[in-house]
Amino acid sequence: MALQDHDLATACAKIIGADNVLTEETARDGYAHDRLPYANFRAREGARVGTLPGLVLRPRTTDEVAHLVSVAAKADHPVIAYGSGSGVLGGIIPLGGEMTLDMQRMDQILEIDTENNLVRVEAGMNGGAFEEALNAKGYTSGHLPQSLTISTVGGWAACRGGGQESSRYGKIENIVVGLKAVLPDGRVLEIRPLPKRATGPSILDLIVGSEGTLAVITELTLRIWKLPEAEEALVFALPTRQAALALAKRIMQTGLHPRIVRLYDEKETKGRTEGMDAFAARPVMANVVLAGEAPIVAAEAAVVREFAAEVDAVETESTPFDAWRAHRYISITKQWLDKGYYNDTIEVTVNWTQAAALYDTIAAQVAELHEDAHFSAHWSHVYPEGVCQYMTLRLPPMDQSKALPIHARMWEIATGETLAHGGSIAHHHGSGLFRGAWMDGEHGVGMDILRRIKAAIDPQNLFNPGKLGFPPRAGAVDPYRDRHADVANV
């Protein structure tokens with residue numbers, strides 16, 4: 001630990017207590033990266049993508065966060081807010097010995113407002129514990145990502161996340177209605193939870209999705225919903241991907257409110273439907289779940305069955321859906337990583353008009369990279385205007401000098417083709433460190449606006465520098481120093 005960090009540790013200990021200031025290298029090492037696959041690939045060879053955090057601080061209150069940020073600002077020492085490290089884009093990787101604020105001691109539900117169907121919760125609360133506590137009171141958060149049990153509520157908002165039931169309840173930006181956050185100068189921003197406003201651009205939307213680059217979120221007010229009284233799960237075998245996409249589009253544009261719509265390409269369908277005769281002739285699966293008041297569920301299910309018949313779908317038993325639901329919070333990526341594979345997932349969004357073409361284009365180009373390159377996809381979040389395409393890309397165990405250039409090219413293909421097809425490069429994982437190179441392509445002139453906002457709010461570049469396409473601080477490590485020539489070498 002550097003001398004400056006020692007002085008900071010002493011100052012911070014006066015605010016949160018010495019037990020909540022982690023200085024030992026072994027403790028800090030646990031905060032050096034999240035679940036970014038590239039970082040895990042490099043870690044297998046003993047390499048680090050960024051640096052260790054200079055200090056790890058564990059505040060308990062908004063006031064403590066504000067005081068710690070004021071100390072950091074005075075010392076001109078950058079800060080990274082940390083939920084539980086479940087992100088997959090490197091959003092919490094230090095690039096220059098930043099101080100890490102571990103928010104997990106701020107883990108309480110502060111109020112459940114049953115009159116207005118709102119909940120006020122601290123940002124560091126574990127997502128699984130949060131949902132369980134709401135369920136016990138007869139409510140749901142409506143936000144159920146695969147990372148539910150390993151993520152925090154504040155992390156959902158910081159990364160603009162999306163749960164598996166977003167087609168009904170919306171993504172987190174549709175669920176958050178108020179918050180408290182600490183700004184880089186130590187002031188506390190409070191946005192009151194009101195239904196709607198017409199008072200200029202949304203400050204709430206500026207903070208939600210900013211991934212700790214503009215503010216440290218400490219408290220959130222979210223919408224909640226009564227648990228549905230009835231549910232019906234429908235599983236269909238369809239002849240083509242195009243038919244499945246057409247079915248989902250019809251459901252959403254008709255104004256139905258499905259709890260879940262999940263479509264799988266042929267590869268992912270096959271792995272989930274072994275031995276089921278219906279899928280021999282119809283190799284694409286769609287799962288549709290209706291929920292709510294019993295009469296509404298029955299009516300919507302009848303309409304969905306009519307739409308399915310129009311695209312030559314056959315209804316099957318619910319076994320594949322039941323199996324998915326039983327394991328919905330288990331990471332598949334980690335299972336492949338543990339076996340030495342190079343597994344990654346990329347989720348993008350695209351309008352219905354380009355969905356089929358985007359899949360076909362990426363699949364064809366990835367297949368040309370390596371004879372054993374795996375590409376598959378499912379569509380797990382659907383909306384009236386389009387769909388989230390969630391892709392899995394994988395290479396078998398091999399030397400990293402061969403694998404990493406192909407992995408880099410996979411990202412270039414998937415992200416570049418998404419932009420070329422008019423899509424967005426991220427649906428719910430956020431942007432973090434790894435998507436920074438494509439942020440100008442995503443936002444165009446808008447990225448210049450965002451950089452100016454960052455410079456105005458955070459002139460010292462204290463908060464999570466080098467993420468979201470924002471500049472790193474002077475002296476920061478290049479996280480891709482071993483990767484620059486990768487794409488050219490494929």
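Analyst: One term is needed from the start: buried means under 20% relative accessible area, exposed means over 50%, and partly exposed lies in between, with a 1.4 Å probe and protein chains only. This is a predicted model, in which local features need pLDDT of at least 70 and side-chain atom pairs count only at pLDDT 80 or more, while totals for chains, interfaces and linings use all residues. Residues are numbered from 1 along each chain as its sequence is written, and side-chain values use heavy atoms, with hydrogens and water left out.

User: Which side chain does Arg48 meet in a salt bridge?

Analyst: A salt bridge is a side-chain nitrogen of Lys or Arg within 4 Å of a carboxyl oxygen of Asp or Glu, and here the N to O value is 3.0 Å. Arg48 lies in the loop between α3 (37-43) and β2 (55-57) and its partner in helix α2 (residues 25-29), so the pair ties together parts that are 19 residues apart in sequence; helices (H or I, at least four residues) and strands (E, at least two) are DSSP runs, numbered from the N terminus. The partner, which counts as partly exposed at 39% relative accessibility, is Asp29.

User: How many residues apart are Arg328 and Glu165, which the chain brings together as a linked pair?

Analyst: Arg328 forms a salt bridge with Glu165, and the closest N and O atoms are 3.4 Å apart. Arg328 is in the loop between α14 (319-326) and α15 (332-338), whereas Glu165 is in the loop between α6 (153-158) and α7 (166-169). Arg328 counts as buried at 7% relative accessibility, and Glu165 is buried as well, with a relative accessible area of 1%. The pair links distant parts of the chain, and the separation is 163 residues.

User: Why does the pair of Arg305 and Glu315 tie together separate parts, and how many residues apart are they?

Analyst: The side chains of Arg305 and Glu315 meet in a salt bridge at 2.8 Å, N to O. Because Arg305 lies in helix α13 (residues 294-310) and Glu315 in strand β15 (residues 314-316), the parts tied together are apart in sequence by 10 residues.

User: Why is strand β16 largely enclosed, and how many of its residues are buried?

Analyst: Strand β16 covers residues 342-351, and it is largely enclosed by the rest of the structure because most of its length is buried, namely 8 of the 10 residues.

User: Which residues does Ser424 touch?

Analyst: Ser424 lies in the loop between α17 (400-420) and α18 (439-443), and it is buried, with a relative accessible area of 17%. Contact means heavy atoms within 4.5 Å. Not counting residues up to four places away in sequence, Ser424 touches Val348, Thr349, Thr418 and Glu442.
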